[in-house]
Amino acid sequence: DRSHKFDEHENSNVVMASVPKTTETISPVSPVKPSAKNENRTSEAVNALTAEPRREIQISYSKTKVQVSDPERLKNNKIFSMFDDIAITDQIKILRTQVLKKLNAISGNSILVTSANPYEGKTFTTINLGVSIAKEFNRTVLIIDADLRKPTKRHTAFATDFFTIDVDVGLTDYLKGEADIPDILINPGISKLTLIPSGAPVYNAPELINSSRMEEMMSEIKGRYASDRLVIVDGPAMLPFPDATILSRYVDGVLPVIEIEKTSTEDLKKMMDCLKGVQVLGTVLNKNKG
C-alpha cells in the first residue's frame with residue numbers, strides 16, 4: 001500500500017452527455033470557467049494534474065481488504081467500462097476524457113455525482129466512470145458511497161448491487177466513530193480502484209454528512225496523492241433530501257445525471273437552482289435512445 005492514514009495508497013455551462021437505453025450513454029460537456037475560489041489554487045497543483053508522466057502506477061494492497069468478483073458477474077451487473085468489447089465503453093471513455101479535462105481546468109480532483117430524483121442512473125454513472133478512470137496508467141480512484149439512507153427494494157449499497165462484495169462496515173460506521181478509515185476500504189479486485197461502501201443505513205444521514213468527521217475525512221483523502229487520485233462521491237438524489245447539497249461543499253465539481261423521458265424540465269430547473277454557486281462540470285443524459 002502507499003500507506004498513510006487511510007492505508008491507500010458551472011453552473012450555467014451545462015451540455016448534455018448521452019447514454020443509450022440499456023447501454024446508458026454519455027456525451028461531451030461544456031467548457032468550464034474556473035471560479036474565483038479555484039483560480040486561487042496553487043500552480044503546483046495545476047502542474048501536478050497536467051504534467052504527470054504517463055507511467056503506470058503500481059499498487060499493492062497489504063491492509064486494505066481485497067474482494068475479487070467474477071468478471072461475468074460484473075458484466076451482468078452493468079459494470080461495462082471494464083470490457084473494451086462493449087460499445088458503451090467508448091461512450092464512458094468520452095465522459096472520462098471530458099471530466100478529467102474539466103477537473104484539470106479547475107485544479108480539482110473530486111466530484112459528486114447526483115440526480116434530481118432516485119433511480120435516474122447516478123450510481124451506474126459513478127461506478128462506470130470510476131472504473132474507466134482507474135484503467136488509465138497514471139490514475140487511482142476512490143469511490144465513496146455517500147447514499148446513507150435506508151435502502152429500498154430497488155436499491156441497496158452499490159458495493160453489494162454492482163460489485164457483489166460483502167460489506168461489514170462502511171462510511172456510516174466511520175462517521176459514528178465506530179470504525180477507522182482502514183477498516184472501511186475495499187479493493188474489488190480492480191487495479192487502482194478503492195471503495196468506501198455506505199455501511200449500515202441510517203435515518204440521520206444529513207447530520208452525519210454535515211459532521212466535522214466527514215469534513216476532515218474529505219479534506220484528507222483529497223489532499224493525499226492529489227496529483228493522481230480522483231475521488232468520486234456517489235450521493236443521493238438532490239430534490240428529496242438535503243444530503244447531496246451538503247456533500248457538494250466537499251468536492252471540486254458536481255456531475256448531475258438526467259434520465260431522458262423521466263427527469264422533468266421542472267425537476268431539472270429545481271436541481272440547477274440547488275446547485276447555484278456550485279461548480280457544475282456538465283450533465284450526463286442517461287438512457288438516450290438516439
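A residue is called buried when its relative accessible area is under 20%, exposed when it is over 50%, and partly exposed in between, using a 1.4 Å probe and protein chains only. Helices (H or I, at least four residues) and strands (E, at least two) are DSSP runs, numbered from the N terminus.

What you see above is a predicted model, in which local features need pLDDT of at least 70, side-chain atom pairs count only at pLDDT 80 or more, and totals for chains, interfaces and linings use all residues. Residues are numbered from 1 along each chain as its sequence is written, and side-chain values use heavy atoms, with hydrogens and water left out.

Let us start with confidence. The predictor's confidence in each residue, pLDDT, runs from 0 to 100. The chain averages 79, and 72% of its residues score at least 70. Strand β3 (residues 110-115) has the highest confidence, at 97, while helix α2 (residues 43-50) has the lowest, with a mean of 40. Over residues 1-17, and again over residues 22-53, pLDDT stays under 50.

Now to the helices. Among the buried residues of α4 are I88, I92, L95, V99 and L103. Just after α4, S107 takes a positive phi of about 55°. Helix α5 (residues 122-134) is largely enclosed by the rest of the structure, because 13 of its 13 residues are buried.

What lies inside? A nonpolar core is a set of buried Ala, Val, Leu, Ile, Met, Phe, Trp, Tyr and Cys residues joined through side-chain atoms within 4.5 Å. The largest one has 38 residues, and I144, L171, M217, M218 and V233 have the most contacts inside it. Helix α10 (residues 212-223) gives the largest share of this core, four residues. Another core, of 29 residues, lies apart from it and includes L74, L95, I143 and L230. Contact means heavy atoms within 4.5 Å, and beyond four places in sequence L171 is in contact with residues including I144, I184, M214 and M217.

Finally, look at S248, in the loop between α11 (243-247) and β8 (253-259). S248 counts as buried because its relative accessibility is 10%. Leaving out residues up to four places away in sequence, S248 touches L112, V254 and V278.
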